[in-house]
Amino acid sequence: MGGVAVVGQLARDLVLRIDGLPEAGSAAAVTGRRELLGGKGANCAVAVAQLGAPVALVAAVGDDAVADDLLVQARDSGVDTSAVVRRRGASTGLIVECLERGGAWRYLEDLPEPVLVRAGDVARAEPVHTADTVVLQAQQPGAALLEAARAARGRGARTVLDGAPDAEHADELLTLVDVLRADPAEAGLLTGEQPEDARPALSAARRLRRRGPGLVVLGAEGAGNVAVWDGGERTEPLAEVDVVDTTGGGDAMTAALTVALRAGHGPGRALRAGTAAAADTVGRVGGRPSLTPAVLDGYEG
């Protein structure tokens, strides 16, 4: 394949727009509704395809009609789904987002063990063993992530870790990956302290880089994103956009960062591209990216 393999979640996303959450024992009207292909892995893979790179998704779904529909959507979006595992008797994952006026969101997630990726799924997934870049979504079980990271490291493929893996596997994973991207909350899980602006985010990124990754990209609440690599560091402020829904912004950022690095761009330019992709995505409801390769130049597509 020689492209990008994304190990992560594929699920049905149901987005409900409401003016506000009702009190217990009462009801609230839904002002808007969207049902679409979702999950962090699928979001990232779709964005990679939109940016022009060949991409395969390694995920697990049920054997229901929901999965049939989602897999068609993924393939129509340019994603190779040959490594998506169908679990007999399982129901495909569901993520319900309640999005209030003003952008506050709450998730209700039905992601049982059968629709998580297992180490055996990774071992049998051809894209993990042929891609030049492997993206790991940290919400998947640590054993599966380690299987993928070890395979990628063993043959010299670039590995990108998105998020904070469980504590049991975090130390070894950080020694195996080339790139770490984390939002402020995830950075807090990895370091014990959530960065609230650029200066502590840079400090946290330096500490995390010493644990293994060659490039660390962290979000800093309200200040944008920072990157630290061997011989350099950079802060990229947030673009001035009307934020509708932050869902999917991090997935789009990881995708653009990955594709930019794969294209030979330096860390600073890749950070700029990732920040632009996130800005482009948070202006829409539901988190599904709609990017063009122009984002790789650091401006909205």
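**Notebook: terms and ground rules**

I take a nonpolar core to be a set of buried Ala, Val, Leu, Ile, Met, Phe, Trp, Tyr and Cys residues joined through side-chain atoms within 4.5 Å. Buried means under 20% relative accessible area, exposed means over 50%, and partly exposed lies in between, with a 1.4 Å probe and protein chains only. The model is predicted, so I note that local features need pLDDT of at least 70 and side-chain atom pairs count only at pLDDT 80 or more, while totals for chains, interfaces and linings use all residues. Residues are numbered from 1 along each chain as its sequence is written, and side-chain values use heavy atoms, with hydrogens and water left out.

**Entry 1: the cores**

I looked up the largest nonpolar core, and it has 46 residues. Val6, Leu10, Val48, Val55 and Leu57 have the most contacts inside it. Helices (H or I, at least four residues) and strands (E, at least two) are DSSP runs, numbered from the N terminus. Helix 9 gives the largest share of the core, eight residues. Another core lies apart from it, with 39 residues, among them Val134, Ala205, Ala220 and Val226. In soluble globular proteins, nonpolar side chains tend to be buried together.

I then checked Leu57. Contact means heavy atoms within 4.5 Å. Leaving aside neighbours within four places in sequence, Leu57 is in contact with residues including Val6, Gly8, Leu10, Ala45 and Val84.

**Entry 2: strand 1**

Are the residues of strand 1 buried or exposed? I found both faces covered: Val4 and Val6 on one side, Ala5 and Val7 on the other, are all buried. Then I looked up its partners. Two strands pair if DSSP finds at least two bridges between them. Strand 1 and strand 4 pair in the parallel sense over four bridges. The bridge partner of Val6 in strand 4 is Leu57. Strand 1 also runs parallel to strand 10 (residues 133-137), joined by four bridges. There, Ala5 stands opposite Val134.

Strand 13 has six of its six residues buried, so it is largely enclosed by the rest of the structure. Leu215, Val217 and Gly219 point one way, and Val216, Leu218 and Ala220 the other.

Strand 12 (residues 179-182) runs parallel to strand 13, with four bridges. Arg181 stands opposite Val217. Strand 14 (residues 224-229) pairs with strand 13 in the antiparallel sense over six bridges. Here Leu218 has Val226 as its bridge partner. Strands 13 and 14 form a hairpin with three residues between them. In that turn Gly222 has a positive phi of about 80°.

I followed the chain on. Five bridges join strand 14 to strand 15 (residues 232-236), and the two run antiparallel. Ala227 stands opposite Arg234. This hairpin has two residues between its strands, and Gly231 in the turn has a positive phi of about 90°.

I looked up an open sheet of four strands, with the order 3-2-8-9 and mixed pairing. Strand 3 (30-38) and strand 9 (105-110) stand at the edges, each with a single partner strand, so one side of each has no neighbour in the sheet. Strand 8 (residues 94-100) pairs with strand 9 in the antiparallel sense over six bridges. Ile95 stands opposite Glu109. Helix 2 (residues 65-76) packs on the sheet, touching strand 2 (11-18) and strand 3. The direction of helix 2 makes about 75° with that of strand 3. Axes here are lines fitted to C-alpha atoms, for helices over the stretch in contact, and angles run from 0 to 180 degrees between N-to-C directions.

**Entry 3: Asn43**

I found Asn43 in helix 1. Asn43 is buried, with a relative accessible area of 5%. Leaving aside neighbours within four places in sequence, what is Asn43 in contact with? I listed Leu37, Gly38, Asp251, Gly287, Arg288 and Pro289.
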